[in-house]
Amino acid sequence: MRKPSGFLISQRIASFGHALAGIHAFVKSQPNAWIHLFVAVIVVISGFLLQVTLVEWSLLIFAITLVLVSEALNTSIEYLCDLVSPGHHPLIKKSKDIAAGAVLISAIGAATIGGIIFLPYILARLTG
Ligand SMILES: Nc1ncnc2c1ncn2[C@@H]1O[C@H](COP(=O)(O)OP(=O)(O)OP(=O)(O)O)[C@@H](O)[C@H]1O
């Protein structure tokens with residue numbers, strides 16, 4: 001339902017509340033979200049321990065955000081698919097599989113970024 005256009009501070013606050021409710025629903029309903037958050041915590045702790053640079057922090061935060069955002073969008077698409085077609089449908093399968101593929105792509109990218117950043121630090125510690 002469209003609301004009247006224009007900037008209303010109460011509407012902006014309500015929209016922010018809806019977004020927070022979405023994050024809450026995502027984290028509460030998705031075991032995958034907990035796995036991503038757990039990995040994110042490990043990455044942040046490793047970043048502090050290895051004292052990565054500001055640019056490296058930016059890349060690590062970007063990678064964490066990318067994975068969480070793709071998982072949240074995947075979850076949203078799954079809910080929509082389940083509403084639109086509770087029964088089996090080949091296009092729903094394509095839609096869900098492509099959304100899951102997007103999560104996998106982002107996770108591979110994030111793992112690559114993590115490897116590129118952390119491996120030199122780990123190797124330096126092991127050899128030095
Ligand atoms: N309504 C549907 N119509 C057609 N295929 C579907 C439907 N629901 C799920 N599938 C397909 O069945 C397979 C298993 O889906 P399901 O969501 O149970 O497992 P999943 O991909 O491991 O998801 P998750 O771990 O996020 O719950 C996937 O290939 C998915 O695309």
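Residues are numbered from 1 along each chain as its sequence is written. Because the model is predicted, local features need pLDDT of at least 70 and side-chain atom pairs count only at pLDDT 80 or more, while totals for chains, interfaces and linings use all residues.

The protein contains 4 helices and 0 strands, where helices (H or I, at least four residues) and strands (E, at least two) are DSSP runs numbered from the N terminus. Along the sequence the pattern is α-α-α-α. The radius of gyration, 19 Å, is well over the 14 Å given by the globule rule for 128 residues, so the protein is more spread out than a compact globule; the radius is taken over C-alpha atoms, and the rule is 2.2 Å times the number of residues to the power 0.38. Along the principal axes, the C-alpha atoms fill a box of roughly 60 × 45 × 20 Å. Of the 128 residues, 11% count as buried, a residue being buried if 20 or more other C-beta atoms lie within 10 Å of its own, exposed if 12 or fewer, and partly exposed in between, with C-beta atoms placed from the backbone. Among contacts (C-beta atoms, placed from the backbone, within 7 Å) between residues at least 6 apart in sequence, 72% join residues at least 24 apart.

Helix α3 spans residues 54-84 and has 31 residues. Its first and last C-alpha atoms are 44 Å apart, close to the 45 Å expected at 1.5 Å a residue, the expected span being 1.5 Å times one less than the number of residues. Buried residues in α3 include Leu60, Ile64, Val67, Leu68, Glu71 and Asn74. Their cover includes α1 (9-29), α2 (31-50) and α4 (90-127).

Glu71, located in α3, counts as buried because it has 23 C-beta neighbours inside 10 Å. Apart from neighbours within four places in sequence, Glu71 contacts Gln30, Asn32, Ala33, His36 and Val103. An unreviewed UniProt entry annotates Glu71 as "binding site"; UniProt positions follow the numbering used here, feature names are shortened, and annotations may be inferred rather than shown by experiment.

The unreviewed UniProt entry also lists residues 33-51, 57-77 and 98-123 as "transmembrane region". Residues 57-77 are 100% helix and 0% strand, with end C-alpha atoms 30 Å apart. Residues 98-123 are likewise 100% helix and 0% strand, with end C-alpha atoms 36 Å apart.

The residues around the ligand (C-beta atom, placed from the backbone, within 6 Å) are Ser85, His88, His89, Ile92, Lys93, Lys96, Asp97 and Ala100. This shell has 2 nonpolar, 3 polar and 3 charged residues; Ala, Val, Leu, Ile, Met, Phe, Trp, Tyr, Cys and Pro count as nonpolar, Asp, Glu, Lys and Arg as charged, and the others, Gly among them, as polar.

Note on methods:
Two residues are in contact if their C-beta atoms, placed from the backbone, lie within 7 Å.
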